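Please read the following note beside the sequence and the model.

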Amino acid sequence: MGTAERRDAPEVSVAERPARIPGQVGSERGIPPRTPGGVRAGRQSAYRPLWVEEPARRRRMADPVRTAAVRAVLIIAVTLIQAMVAFLCTLAGSWLAFPMVISSVASTVVATWAVVDVWVTRQVWNQRYGVVSEPSSTARQLRRERRAARRRERTARRDQARIARRGGAKQLSHP
């Protein structure tokens, strides 16, 4: 029984509800039976999906870029935890404060490198595989040229295989 059905169902205590027999077809707990078209007898169905699929506004990140981004987020999280521990150790006057501050500085350098890595990986991926939707896109032209070269190679290999199957250079084409 869904929420909408519960809202429309009469308030009946558990003891007053009729027992449902397995395999029983028809009315259950005061809910009118469905008709073949999916509409409940007597009114339109109030069925609404839980969510509506919407197209993504942006395309999904490429795998190498996503990997670098996850790595950067993890490194940044560890850096922030180290900085907090260093701060708390400093407040407490612990001997661990100095090593933690040093490691936080080193971790900050690594985190900066990780963020730059995401940026560089994204730029490299876009240069290699990205296609700008313009007729003059360099990447699109390179793909076309590579596809044409592969097609020519396949055709040449097929022709060579066909010649080899027929006997090739041993026979003249016209006897």
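1. Arg71 and Asp117 are joined through their side chains by a salt bridge, with 2.8 Å from N to O; the term denotes a side-chain nitrogen of Lys or Arg within 4 Å of a carboxyl oxygen of Asp or Glu. Arg71 belongs to helix α2 and Asp117 to helix α3, so the pair ties together parts that lie 46 residues apart in sequence. Arg71 is partly exposed because its relative accessibility is 36%, whereas Asp117 is among the buried residues of α3. Here buried means under 20% relative accessible area, exposed means over 50%, and partly exposed lies in between (1.4 Å probe, protein chains only). Side chains of opposite charge can pair when their charged atoms come close.

2. The model is a predicted one, in which local features need pLDDT of at least 70 and side-chain atom pairs count only at pLDDT 80 or more, while totals for chains, interfaces and linings use all residues. Residues are numbered from 1 along each chain as its sequence is written, and side-chain values use heavy atoms, with hydrogens and water left out.

3. How many helices and strands are there in the protein? There are 4 helices and 0 strands, and the order from the N terminus is α-α-α-α. Both kinds of element are DSSP runs numbered from the N terminus: helices are H or I with at least four residues, and strands are E with at least two. The protein has 175 residues, of which 14% count as buried.

4. By the rule given above, the salt bridges number 3. One of them links the side chains of Asp63 and Arg66, at 2.8 Å from N to O. These two residues are 3 residues apart in helix α2, which means that about one helical turn separates them. Arg66 is partly exposed, with a relative accessible area of 25%.

5. Another salt bridge is formed by Asp159 and Arg162, whose closest N and O atoms are 3.2 Å apart. Both residues lie in helix α4 (residues 138-166), 3 residues apart, or about one turn of the helix. Asp159 has a relative accessible area of 32% and is therefore partly exposed; Arg162, at 36%, is also partly exposed. As background, an α-helix has 3.6 residues a turn, so residues three or four places apart point the same way.

6. Gly93 follows α2 and has a positive phi, near 75°.

7. The buried residues of α2 include Val65, Ala72, Ile75, Thr79 and Gln82. Helix α3 (97-129) is part of what covers the buried residues of α2. In turn, the buried residues of α3, among them Met100, Ser104, Ser107 and Val118, pack against α2.

8. Leaving aside residues up to four places away in sequence, Thr79 touches Ser104, Ser107, Thr108 and Ala111; a contact means heavy atoms within 4.5 Å.

9. Ser107 is placed in helix α3 and counts as buried because its relative accessibility is 12%. With residues up to four places away in sequence set aside, Ser107 touches Thr79 and Gln82. The side chains of Ser107 and Gln82 also make a polar contact of 2.8 Å. A polar contact is a pair of N or O atoms within 3.5 Å; within protein, one must be able to donate a hydrogen and the other to accept it, and residues adjacent in sequence count only if both atoms are side-chain atoms.

10. Finally, the surface. The protein exposes about 15,300 Å², and carbon and sulfur atoms supply 60% of this area, computed by the Shrake-Rupley method with a 1.4 Å probe. Leu88, found in helix α2 (residues 63-92), is partly exposed because its relative accessibility is 47%. Together with Met84, Phe87 and Leu91, Leu88 makes a nonpolar surface patch of about 440 Å².  Such a patch consists of residues with over 30% relative accessible area and no salt bridge, with nonpolar side chains (Val, Leu, Ile, Met, Phe, Trp, Tyr) joined within 5 Å; like charges are joined within 9 Å.
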